[in-house]
Amino acid sequence: MKKVAVLLAGGSGKRMGSALPKQFLTIGDKPIIQHSIEAFEKHDNIDEICIVIHADYHSEINELISKYNYSKVRYVLSGGKERSDSSLAAINAYEREQNVYLIFHDAVRPFVSSRIINDVISELQSGKSVAVAIPTTDTIFCLTQDETIESVPNRNLLRRAQTPQAFSYKVIKRAYDIAMADENFVATDDCGVVLKYLPKEAIHIVEGDESNIKITFEQDLLQGAQIADKK
Ligand SMILES: Nc1ccn([C@@H]2O[C@H](COP(=O)(O)OP(=O)(O)OP(=O)(O)O)[C@@H](O)[C@H]2O)c(=O)n1
Ligand SMILES: C[C@](O)(CO)[C@H](O)COP(=O)(O)O
């Protein structure tokens, strides 16, 4: 089956607070989204790239793609209001093919490694749905609504979610079809959608790494620059 990297870049980066969406800010020598495109463009096991971009930024991304001649980019789609709307735009684009794996990645995680992508693909090819995550070194508190501690979950069973999150087309399409019929639907990631609406579908964990950070706040740019320096 074809392996498609879906780069989610439809957000506006409110928490970063810059006029330009954070995926276009520069780390090291290139925009964040360019690091992410290249991680998949250069990867031998990725067949195709689908970029989901904020509707107001098509010209910026098209300029980048033609300047560097990224040959694997097949689609540039407009994202939606929520991350899940952007994922759905990609799922809909593959409706006619179906025989694909969709590997969803936050475009603002520019340092995803080749090892992570390899591990994700190898799990997909053995028929699994896949998430990338790392152990937590902090103890995590679960709170009540009034912000007192409700529970302290066993840390050995806790992981911090990263991306990629990857599924066969059929699995992710089925999960979103059910989700779209739920008027209370809300999700921060694609694993959450599969877990809630296809509870029998096991999602297997591939170990992420500390460099696979999500650029969210201004201070993350500094950490990103340090990671870029070491590459
Ligand atoms: N409607 C949206 C919202 C988010 N994303 C993408 O999902 C990834 C992770 O989201 P996040 O870090 O929350 O990005 P933003 O939504 O841009 O940030 P913020 O929440 O601070 O506005 C980003 O690559 C972002 O562009 C998307 O494709 N479509
Ligand atoms: C998918 C994700 O990156 C996993 O950590 C995260 O949930 C995205 O959340 P955000 O609210 O869009 O930052």
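In the shell around ligand 1, β1 and α3 (83-93) each supply at least two residues; helices (H or I, at least four residues) and strands (E, at least two) are DSSP runs numbered from the N terminus. The structure is a predicted model, in which local features need pLDDT of at least 70 and side-chain atom pairs count only at pLDDT 80 or more, while totals for chains, interfaces and linings use all residues. Residues are numbered from 1 along each chain as its sequence is written, and chains are lettered from A and ligands numbered from 1 in the order in which they are written.

The largest contribution to the shell around ligand 1 comes from α3, with 3 residues. Ligand 1 is surrounded by 22 residues, where a residue is near a molecule if its C-beta atom, placed from the backbone, lies within 6 Å of it. The closest are Gly-10, Gly-11, Lys-14, Arg-15 and Ser-86.

An open sheet of mixed pairing is formed by 7 strands in the order β5-β4-β1-β6-β10-β7-β11; two strands pair if DSSP finds at least two bridges between them. At the edges lie β5 (73-78) and β11 (203-207), each pairing on one side only. From one strand to the next, the twist averages 25°, with axes fitted as lines to C-alpha atoms, for helices over the stretch in contact, and angles running from 0 to 180 degrees between N-to-C directions. Strands β1 (residues 2-9) and β4 (residues 48-53) run parallel and are joined by 6 bridges. Val-6 has Cys-50 in β4 as its bridge partner.
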